[in-house]
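Hello,

Here is the structure I promised to pass on. Please have a look at it first, and then read my notes below.

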Amino acid sequence: MKYVEEFRNAELAKGLSAAIKAEADPDRTYRFMEFCGGHTHALARYGVEDLLPQNVRMIHGPGCPVCVLPVGRVDEAVALATQHDVILCTYADLMRVPGTKYESLIKARSKGADVRMVYSTIDALKIAEDNPEREVVFFAIGFETTTPPTAVAIKQAQKLGLKNFTVYCNHVLTPAAMRAILGTHTPEGAPNVILDGFVGPAHVSAVIGTQPYEEFTTDYKKPVVIAGFEPLDVMQSILQLIRQANDGRADVENEYARAVTPEGNVKAQALVDEVFEVRDEFSWRGLGSVPLSALKIHEEFSDFDAELRFRVDVPTPKENKLCACGPILRGEKNPVDCSLFGTSCTPDNPMGACMVSSEGACAAHWTYGRFRTELELEDSA
Amino acid sequence: MNAPQKPPQKPRPKPHGNKPGSRPLDLKNGRVDMSHGAGGRAMAQLIEDVFIGAFDNELLNREHDAAMFTLPPGRVVMSTDSFVISPLFFPGGNIGSLAVHGTVNDISMAGAKPYYLTAGFIIEEGFPLCDLAEIVKSMADAAKDAGVSIVTGDTKVVERGHGDGVFINTAGVGVVRDGIDICGDLARPGDKILVNGTLGDHGVAVMSKRENLSFTTAILSDSQDLGDLVSDMLDAVPDIHVLRDPTRGGLAATLNEIAHQSGVGVELIEDAIPVRPEVKSACELLGLDPLYVANEGKLIAICPSEKADALLAAMQAHPKGKNAAIVGEVLQDARCFVRMKTGLGGTRMVDWLAGEQLPRIC
Amino acid sequence: MCHAIPAKVIAFRDDAMADVELEGVIKEVSLALLDGVELGDYVILHVGYALAKLDPDEAQKTLELFAEMGEAAFAQGATP
């Protein structure tokens, strides 16, 4: 596959691994956060951490939109599907996320709710066109990569004059989440997560450009290297972050120049600005209430807003007290630090969102990396 | 090996169309209705004209409720599988050919030669007879190629909306010759793991026909009978430890099953696993991993390491094994983890997935 | 979820839709978010939409950068 397989080449990986080992200062530890769930997945799936020296640690960030969706929003989606006779269209990742009392969309479907998996908003629009007598709700989630397709769908619905199509909007914003991570402090005022820099998201950046990350370099003095999705991209970005850390610099660098431009996708940004506006605050699993971090549908398109069209009855949202998704999403804990990991919480029976989504830190570790921890334990025994 | 005892000769019954007072089945435009499952004349006509007509063998032609036969000496192997695949027709096959290949292969995976199959049908009211006839013909062709006879069966019809076109169950019977001992719990550390060809073809072929995915590809399902390949493999290496076909859940699920049954670990080499470029890219587009995608004409063979080269040569010499490869080895590991050296040089687990990546793939 | 992949544009269809090809697999996607796409361009796909055009020169430069980093490290005696 062109522009894909060349970026997975084992020989080049050896070279980058050597370069990283040569430049990493053996007298210090480097802690970099890969914000995006896609990067978490790439690291695990290719075993990239085997090619990094021990003193370079990757901290998994909250860039998994399924993982950060608060329990209450899942409950509302389930309620939409069960309390109203709607066709609820959703991306596959959301089907098994457990809400309060472990109700999920897939369980709702098994009890008769009309929940349908779609690969694209285009599919949801088609369902609405094909079923004019039924209400169709699209469960929209995602960071800035996934928001423009929802904007297109709403504009298209308006153009077609669809009266039965609405969107349940849970789109969230990357820079706000990065700010929230850097801003969480212990009661004594020390930062909760010690980070030396960020591996910046690939496709969020293709949409928003490189400029939004400047604040992290100027205000927080953290370097940001935007990385492509393939393992060599991530390794190169880690190398660049190590260099910045060694030099004491904090700049925005773009390793994914083949797809990310400084201004990003201006057309997509304009569409999003037209169809959405920023919510005052939004509750994130793990980060709590974060101001100006999520989007709602603009008044002009209120006909397509499921939150205005439907009233639902939901229980008080409750998460399992032992579920460590919060600290894991903030990068404070590792999956193995959660007492539920591997015991009552497994991909077969997920207790929290980090285990459901294939990009969640817990699912990635369970699926790809579980053997590594056990080996380390064996070695130290 | 003694051939099964032949029953007395009986001429095949003529189609009902020749009997006075009955109309022939309209195989072109007709549909299955509730009377075809009711046990009366309509059902008898359906069975004769569609099923017996196609499967046509001496045991079936006797039209007894049960088929009676003797088998050659050796241990008897039995297997059953139900087929609920959607869509019913896909590039490279249909639910009928799949139903024969699936059960015949299960028998072959025990190292046995399959002889006889049953075929049970649950048909939805309104199902087109032309589709049924085509499915049945595919079954007949597949059975003939595999050297098996479909000797008994059953037909039920359910109300419209209570089926999904047609569901098929096949059960099969075969015989293992002496000296062959193949079982899922016999993998041993040091053994090598082989596959007979490219992985993921069937799953991708079926997916390409699912309307909501809107992608096109020339990939065909690999659904095929593996009996003759297995026979050559056992001639070359009689002490193969494990044979299994990686159907639902793909190579990953099957290796995890075997690892647990045998109490061992597995290490795969990603670069050694054959996957067609089109299957790789279809999986990329859909966010799937080829290791977890269903196959219907592939097998995993686990044999002692000193026999691996001979086994590979025997497989590659056969048309159904020309892309065969050694893909990994069995390790000592009490946790029964299946891991893989990635193309990048790192290591990852190949975990037992919670559920099927795609529904109704078999 | 952020899953995205580059594919080549091989045909245009109505309503800002296009056929893209990846190793012989052809998929129909929307170009509603991109202007100035030409036949033969590679685009990055996400949930059925093309989000960005891939710049082949930058791609080549990035691969060369990887090689350079490795060569420099090996020249200094570093090992992976």
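Predicted model: local features only at pLDDT ≥ 70, side-chain atom pairs only at ≥ 80, totals over all residues.

Is it buried or exposed, or something in between? L292(A) counts as partly exposed because 13 C-beta neighbours lie inside 10 Å, and the partly exposed class falls between 12 or fewer for exposed and 20 or more for buried.

Chain A has another non-glycine residue with a positive phi, K221(A), at about 60°. You will find K221(A) in the loop that runs between α10 (214–218) and β8 (224–226) of chain A. K221(A) is exposed, since it has 11 other C-beta atoms within 10 Å.

Now to chain B. Seven of its strands form an open sheet with mixed pairing, and their order is β9-β11-β7-β12-β10-β13-β14. The edges are β9 (242–244) and β14 (347–349) of chain B, each of which pairs on one side only. On average, neighbouring strands in this sheet are turned by 25° against each other, ignoring direction. Inside the sheet, β7 (residues 192–195) and β11 (residues 300–303) of chain B pair in the antiparallel sense over four bridges. If you want a place to look, V195(B) stands opposite I300(B) in β11(B).

Chain B also has a cis peptide bond, from S86(B) to P87(B), with omega near 5°. P87(B) is in the loop between β1 (75–83) and β2 (89–90) of chain B.

Finally, chain C. V25(C) lies in strand β3 (residues 25–30) of that chain. Which residues of chain B does V25(C) touch? Leaving aside residues up to four places away in sequence, the contacts of V25(C) are F215(B), T217(B), E278(B), S281(B), A282(B) and L285(B). V25(C) counts as buried because it has 26 C-beta neighbours inside 10 Å. Within its own chain, V25(C) is 18 residues from A7(C) in sequence, and their C-alpha atoms are 9.6 Å apart in space.

Best wishes

Note on methods: Residues numbered from 1 in each chain as written. Chains lettered and ligands numbered in written order. Pairing = 2+ DSSP bridges. Helix = DSSP H or I, 4+ residues; strand = E, 2+ residues; numbered from the N terminus. Axes fitted to C-alpha atoms, helices over the stretch in contact; angles between N-to-C directions. Contact = placed C-beta atoms within 7 Å.
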